[in-house]
Amino acid sequence: MALQRDVIAPKDPAVDMSPNLNLPLSPAIQAGEFIFVSGMVAIDATGERMHGTVAAETRQILAAMARVLELAGSSLAKAVKVNVLIYSMLEYNNMNEVYREFFPVDPPARTVCGAKLCGGSKVEIECVALA
Amino acid sequence: MREILPVPSPGLDLRHHYGHHQSPAIRAGGLIFCSGMVAVNPETGEREHGTLTSEARRIFENLKLLLESAGSSLDRLVQVHAMIYDRIEYDVLNRLYRQYVPNAPPARTVMSVQIEAGFKVMLDVIAAA
């Protein structure tokens, strides 16, 4: 039997960057028990890129990610794996300190690496969560 | 159902040793999601920097411990993200890698990125529980 696949596309520019940035991606896809969330960068309420410190961008992204998951009936507490990309690993702790506020107990598995990001963003975060 | 797996050996808990805000591995939906693993001593958590080969060997041995303690194994890997510090080491990674997954290797992506604490390799895996 084919696994059901549903697109999760909130009509909110603050959490769906794809229309404003004209990107060929869905914010998230639910397949079976899992929700796969696209790599998210910091955007403001109108969907424009928000450039800030690593701490500010991390906070903006995780708040938006929480909303995407909640609109899909899930939550950050149900995240099982998070991948964080930052522009420089020298900023690891600046990300980690904000990150821990969003996962007060039983944090998900996580991988952090330093990578060259598009569009001048300093942080990009993707995740897999239980539906 | 989302279950945090206990570490089989105290050194593998990077949250405890280094404050990385992450669980070592989580079981959910029949899969095991592991946090990115780097070369640490499984007993003490001490970082073991070395060549890419020695680091990757240490990671695979730790991964074996972790997966087997959860009833899985290296044979049950589904997907691997292998992160290396420089693409020039790609063949070096492959030589060691094929020793640990000799048959029916998992899906894999290799990328060249900055890894924490000056490590040369990190493995990020999903395995069947």
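Visitor: How many helices and strands does chain A have?
Guide: Helices (H or I, at least four residues) and strands (E, at least two) are DSSP runs here, numbered from the N terminus. In chain A they run β-β-β-α-β-α-β-β from that end. Tally them up and chain A has two helices and six strands.

Visitor: What pLDDT do side-chain atom pairs need in this predicted model?
Guide: First, some bookkeeping: residues are numbered from 1 along each chain as its sequence is written, while chains are lettered from A and ligands numbered from 1 in the order in which they are written. Side-chain values use heavy atoms, leaving out hydrogens and water, and since this is a predicted model, totals for chains, interfaces and linings use all residues, local features need pLDDT of at least 70, and side-chain atom pairs count only at pLDDT 80 or more.

Visitor: What radius of gyration does chain A have, with its 131 residues?
Guide: The radius is taken over C-alpha atoms, and the globule rule is 2.2 Å times the number of residues to the power 0.38. For 131 residues that rule puts a compact globule near 14 Å, and chain A agrees with it. The C-alpha atoms fill a box of roughly 45 × 35 × 20 Å along the principal axes. As for the radius of gyration of chain A, it is 14 Å.

Visitor: What share of the 131 residues in chain A is buried?
Guide: Buried means under 20% relative accessible area, exposed means over 50%, and partly exposed is in between, with a 1.4 Å probe and protein chains only. By that rule, the buried share of chain A is 53%.

Visitor: Which residues of helix α2 (residues 92-102) of chain A are buried?
Guide: The cover over this helix's buried residues includes α1 (54-71), β4 (79-86) and β5 (109-114) of chain A, judged by contacts, meaning heavy atoms within 4.5 Å. An α-helix has 3.6 residues a turn, so residues three or four places apart point the same way. The buried ones in α2(A) are A:Y92, A:M95, A:N96, A:V98 and A:Y99.

Visitor: On to chain B: what pattern does it follow along the sequence?
Guide: Chain B has three helices and six strands. Of its 129 residues, 50% count as buried. Its elements come in the order β-α-β-β-α-β-α-β-β.

Visitor: What do the buried residues of α3(B) pack against?
Guide: The residues in question are B:L93, B:N94, B:L96, B:Y97 and B:Y100. Their packing partners, all in chain B, are α2 (52-69), β4, β5 and β6 (121-128).

Visitor: Which residues do ring pairs link into a cluster?
Guide: Rings of Phe, Tyr and Trp (its six-membered ring) pair if their centres lie within 6.5 Å; planes under 30 degrees apart are stacked, over 60 edge-to-face, and the rest tilted. That gives five aromatic pairs over all chains. The cluster consists of A:F34, A:F36 and B:F33.

Visitor: Which residue lies over the face of B:Y18?
Guide: A charge sits over a ring if NZ of Lys or CZ of Arg is within 6 Å of the ring centre and within 35 degrees of the ring normal. B:K120 does this at B:Y85, 5.9 Å from the ring centre. Over B:Y18, at 3.9 Å from the ring centre, you'll find B:R47.

Visitor: Is A:N22 buried or exposed?
Guide: A:N22 is in the loop between β1 (5-8) and β2 (28-31) of chain A. Most residues other than glycine have a negative phi, but A:N22 has a positive phi of about 55°. With a relative accessible area of 66%, A:N22 is exposed.
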